[in-house]
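The following note sets out some points to consider when reading this structure. Please keep the sequence and the model in view while working through them.

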Amino acid sequence: MSSKPHTPLLDKVTSPANLRALAEADLAQLADELRKETIDAVSETGGHLGAGLGVVELTVALHYVFNTPDDRLIWDVGHQCYPHKILTGRRDRIRTLRQGGGLSGFTKRAESPYDPFGAAHSSTSISAGLGMAVGRDLDGRANNVIAVIGDGAMSAGMAYEAMNNAGSMHSRLIVVLNDNDMSIAPPVGAMSAYLAKLVSGPTYQSLRDAAKSIARALPRPLQEKAAKAEEFARGFWTGGTLFEELGFYYVGPVDGHNLEHLLPVLRNVRDTHSGPVLIHVVTQKGKGYAPAEGAKDKYHGVARFDVITGKQAKPKANAPSYTSVFARSLVQEAEQDDKIVAITAAMPEGTGLDLFQEAFPKRTFDVGIAEQHAVTFAAGLATEGYKPFAAIYSTFLQRAYDQVVHDVAIQGLPVRFPIDRAGLVGADGPTHAGAFDTAFLACLPGFVVMAASDEAELRHMVATAAAYDDGPISFRYPRGEGMGVELPERGRVLDIGKGIIRREGTKVALLSFGARLGECFKAADELDAAGLSTTVADARFAKPLDTDLVLRLAREHEVLVTIEEGSVGGFGSHVLAALAEAGALDRGLRVRTMTLPDSFQDQDKPDALYAQAGLNATAILTRVFEALGRDAAAIARRA
C-alpha cells in the first residue's frame, strides 16, 4: 500500500463552507487532491471507485456554487458519493467505508445533513428532488434542489415519469445528467462549452423568452411554426429536444472535468432559471487513475488494491461462487434447449449472464436499469413458447413486484426467476440485502418458490426451472462462495414441492430453507454431543410446501425449528400455518421460527451480520435449548 497522499488544500476543507472560501483558481488543485484521497481510501476499504473518480470536478463545482446543505444535493444510486463524503465532514472516517460501524457506501440521511436523501437503488433522484422542490415552494423558501443522475440510471422509466411530472409542474429543479458511458453527446470542447454557457445565461434566456412572447401574438399556425423552428435550432446545436419535450430547459453538453466550463454554467442556472433545468455533463468513469481508465468496468466495484499497480487483493476462492454455478448450469441447459433465453437488467456480470451472453448472444437480453420492463418483457417471451430466465438480485426484484403479480402470476406464465444475493450481503448493507423475496413471492397463487442450500442444489434447481412449464418459478441463492460440495455433472429435475432429510435424529428437528443448512449441521453436531438426537432437513420449497415432511417432523420430534435467510412472513410462516391447519400445534409440539430480524442491518462482514441476526449455529443451539428450558447461556459459551 502507498503512503498517504500529500493534500495541503484538502486538509483545510472540513466542510463545503471551507471549500467556498477558496479562490476559484485553487479548485483544480483541490480536485486533484480529492481524487488522490479517494483512490487511497478505497484502496484500503474496497468499494465503488470508478463512478466517484468520474465526478470529482463536478462534486467540487456543485459544493462551490451551491450553498449545501441548505441547497439540497441528491446523488442518484450513490455509487459516486465518496468524494462528496470527503468534502462534507466525513474525511476522518472515509477509511471506514462499508465496514462494520463505519460509513455507508451510499448516501444516508442518518449519517449527515449533506445527504438529504438515502440512495442505493437507481433512478430515484429526480422524483425525490421534485418532492423536495415542491415542499420548498409550499413553504415559500428559495433554496435550490439539485439531482445528479447517471446516463445508465436514465434508462429506468421512473426517471422519465419524474421528469414528465416535473416538466408539467414548473417547480425550480436542477437535474445534472452525468453522461459517462452512452454515446448521446456531441463532441465536447471549447465550442460546445461556449454554447452551453451561452444558452444557460440571462442574455439567451431573455432573447428566447422575447421570441416566445412575439410568437404568442401570431396566429396559431404561425405560432406552431415558430415553436418548431426554435426547437429545431436548439436541438441542432445542443441535442436537447427530448428533454425540452418533457418540459426541461436543456443546457449542454458540458465537459465535466473542466472547472472553467462547469462553474459559469452552474452559476447561470442557479441565478437565472425559474423552472426545471437539465444540465448535460460529460465525464469519464475512472478519470485520473490509469488502472481504472483501462479496466473494462472502469473499477466500478473493487476489493482492496495496491494504488501503484491497481492489483486487487481478492482472496482465493475455495469453492465456486453461487453466481458462477448458476451461470454455467444455465448455459448447460441452454445447450440442450434452444427455447431458453436470459434477461438481465443492466447486471450481466453481477448475475453471471455475461457467460450466457458469450455462448448465446442472440438469446441474451440486457434491458438496462428497468426491472419492471424486464419482468413483463419476460412474460411476453413466455407467451410465445420461450423459457425466459429473468436473473435479478433479490433487492432489485422488489422494484418489479407489480409486474410479477399482474403480468406473470395472474396469467400463470412460466417465467423463471433466478434470485441472486439472497440473504445478507455484507458491505453493501440494507439496501442490497435480499430479505423479502420469499415472503412476497410465496404468497402468490401458482408460484413455485425454491431456495438452494448449496451449489449442487442450485444446479438441480436450474434444471428444474428449465423443465417446469406450469407457471412461474423462482429459486434463490446467496452471494459469495458455495459450500465446496461435489457438483453433479448435470442438474436433475426435482420433484416439485418435495424436501429431503439430510440427517436422521429423534429429539430435535432443524428444517432449513436456503443456505443456512451448513450452520444447521454445525448445530446438530453440538446437539448430538449434548445428548439431543437431531434431524436436519432441507425444505427446498417454500411453495408448494412439503406438508408431508413438515407433519412427519412434527410427529416424530419434540422440538421443530425452521431456519431461513429471510424476513418474517416467509417460509417459517407457511410452516406454522400448515401445522395449525393440521392441528399439530395442539399436541404439545415446541415450534420456533428463525428469520432475519425485524430491522434493517447496517453493513458488516457477512459472518458478523448473521451472528447479529441470530442465524448461525450458536443461535440455533440457543433457540433449541430455550425451547427445552435448558441453560442457553451455557451452551452458547460452549459453542
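1. The model shown here is predicted, and pLDDT stays under 50 over residues 182-188. For this stretch the model has 14 contacts beyond four places in sequence. Where pLDDT is low, the predicted coordinates should not be read in detail.

2. The chain as a whole has a mean pLDDT of 87. A score of 70 or more is reached by 88% of its residues.

3. The secondary structure consists of 27 helices and 17 strands. Of the contacts between residues at least 6 apart in sequence, 77% join residues that are at least 24 apart.

4. The chain has 639 residues, and buried residues make up 56% of them.

5. In soluble globular proteins, nonpolar side chains tend to be buried together. In this model, the largest nonpolar core has 53 residues. Those with the most contacts inside this core are Leu-19, Leu-27, Leu-30, Leu-62 and Ile-279. A second, separate core has 51 residues, among them Ile-343, Ala-390, Phe-396 and Leu-511.

6. Which residues does Leu-62 touch, not counting those up to four places away in sequence? The partners of Leu-62 are Leu-73, Trp-75, Ile-146, Val-148 and Leu-266.

7. An unreviewed UniProt entry places the feature "binding site" at His-79, Ala-120, His-121, Ser-122, Gly-152, Ala-153, Asn-180, Tyr-289 and Glu-371. Of these residues, Glu-371 is included in the lining of the largest cavity.

8. Ala-120, one of the residues given in that UniProt entry, lies in the loop between helix H5 (82-90) and helix H6 (125-139). Is Ala-120 buried or exposed? The relative accessible area of Ala-120 is 7%, and buried means under 20%, so Ala-120 is buried. Apart from neighbours within four places in sequence, Ala-120 is in contact with Val-77, Phe-106, Thr-431 and His-432.

9. Gly-152, also listed in the UniProt entry, is found in the loop between strand S2 (145-150) and helix H7 (157-169). The relative accessible area of Gly-152 is 32%. Because this value falls between the cut-offs of 20% and 50%, Gly-152 counts as partly exposed.

Definitions and conventions: Residues are numbered from 1 along each chain as its sequence is written. This is a predicted model: local features need pLDDT of at least 70, side-chain atom pairs count only at pLDDT 80 or more; totals for chains, interfaces and linings use all residues. Side-chain values use heavy atoms; hydrogens and water are left out. pLDDT is the predictor's confidence in each residue, from 0 to 100. Contact means heavy atoms within 4.5 Å. Helices (H or I, at least four residues) and strands (E, at least two) are DSSP runs, numbered from the N terminus. Buried means under 20% relative accessible area, exposed over 50%, partly exposed in between (1.4 Å probe, protein chains only). A nonpolar core is a set of buried Ala, Val, Leu, Ile, Met, Phe, Trp, Tyr and Cys residues joined through side-chain atoms within 4.5 Å. UniProt positions are given in the numbering used here, feature names are shortened, and annotations may be inferred rather than shown by experiment. On a 1 Å grid over the protein atoms alone, a cavity is a set of points where a 1.4 Å probe fits but cannot get out, and a pocket is an open set with protein on both sides within 12 Å along at least five of seven lines; lining residues have an atom within 4 Å of a point.
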